[in-house]
Amino acid sequence: MREALALAGQAETEGEVPVGAVVVLDGAIVGRGWNAPISLHDPSAHAEIRALRDAAARVENYRLAGAALYVTLEPCAMCAGAIMHARIARVVYGAADPKTGAAGSVVNLFAEARLNHHTAVEAGLLAEECGETLRRFFQARRKAVG
């Protein structure tokens, strides 16, 4: 999660919402990503999606069975879908997202029994630190807008 937090800092440096993610397979980080929808002009360029793309390219397989994804913010519905399609075994997130969280805050797609893949979810790892990163970012944004 510390590496995901560092990647969130990269997103913030680029003016993006500070969210970072890493994919871990067999004890090694195989994928990294940070938010970049603004700079890439791509609504799908969330940290999780970019980390999954990076990992899939490195292991040369879009299915990442047995992998864990660590992300600083609870995944949204789009990211939850991609995580399940990639066959990620476990998602660990820091801060909950009460507006768009799809791992239990708004909906829980990972617990939907009708879906064919089920990813284990662990919430709250370094939650305070992850949440503070987001609070600082949005507080600064509000001040800048006036």
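This is a predicted model: local features need pLDDT of at least 70, side-chain atom pairs count only at pLDDT 80 or more; totals for chains, interfaces and linings use all residues.
Residues are numbered from 1 along each chain as its sequence is written, and side-chain values use heavy atoms, with hydrogens and water left out.

**The sheet**

Helices (H or I, at least four residues) and strands (E, at least two) are DSSP runs, numbered from the N terminus. Five strands make up an open sheet with mixed pairing, in the order 2-1-3-4-5, where two strands pair if DSSP finds at least two bridges between them. Strand 2 (28-34) and strand 5 are the edge strands, each pairing on one side only, and neighbouring strands of this sheet are turned against each other by 20° on average, direction ignored. Strand 3 (residues 68-73) and strand 4 run parallel and are joined by five bridges; in this region Leu73 stands opposite Ala95 of strand 4.

**The helices**

Helix 1 lies across strand 1 (20-25), strand 2 and strand 3, and runs at about 145° to strand 1. Axes are lines fitted to C-alpha atoms, for helices over the stretch in contact, and angles run from 0 to 180 degrees between N-to-C directions. Helix 1 also packs with helix 5 (residues 127-145), at an angle of about 5° and with the axes 11 Å apart; the two helices are therefore roughly parallel to each other, a term for angles under 35 degrees. Arg2, Leu5 and Glu12 of helix 1 make this contact with Glu129, Cys130, Thr133, Arg136 and Phe137 of helix 5, contact meaning heavy atoms within 4.5 Å.

Gln10, in helix 1 (residues 2-13), is partly exposed, with a relative accessible area of 33%. Buried means under 20% relative accessible area, exposed over 50%, and partly exposed in between (1.4 Å probe, protein chains only). Gln10 and Ala47 are 37 residues apart in sequence and 11 Å apart in space, C-alpha to C-alpha.

Ala47 is one of the buried residues of helix 3, which also include Glu48, Ile49 and Leu52. The buried residues of this helix pack against strand 1, strand 2, strand 3 and helix 4 (77-85). Helix 3 (residues 47-59) has 13 residues and reaches 18 Å from its first C-alpha to its last, close to the 18 Å expected at 1.5 Å a residue, the expected span being 1.5 Å times one less than the number of residues. Just after helix 3, Glu60 takes a positive phi of about 55°.

**Two buried loop residues**

Ser44 lies in the loop between helix 2 (37-40) and helix 3, and counts as buried at 18% relative accessibility. Thr119 is placed in the loop between strand 4 (90-95) and strand 5 (120-123), and counts as buried at 5%. Their polar contacts are tabulated below; a polar contact is a pair of N or O atoms within 3.5 Å, where, within protein, one must be able to donate a hydrogen and the other to accept it, and residues adjacent in sequence count only if both atoms are side-chain atoms.

| Side chain | Partner | Distance |
|---|---|---|
| Ser44 | Asp42 side chain | 2.6 Å |
| Ser44 | Arg53 side chain | 3.2 Å |
| Thr119 | His117 side chain | 3.3 Å |

Not counting residues up to four places away in sequence, Ser44 touches Ile49, Arg53 and Met78, whereas the residues touched by Thr119, on that basis, include Ile83, Met84, Ile88 and Phe110.

Note on methods
Angles under 35 degrees count as roughly parallel, over 145 as roughly antiparallel, 65 to 115 as roughly perpendicular and the rest as oblique.
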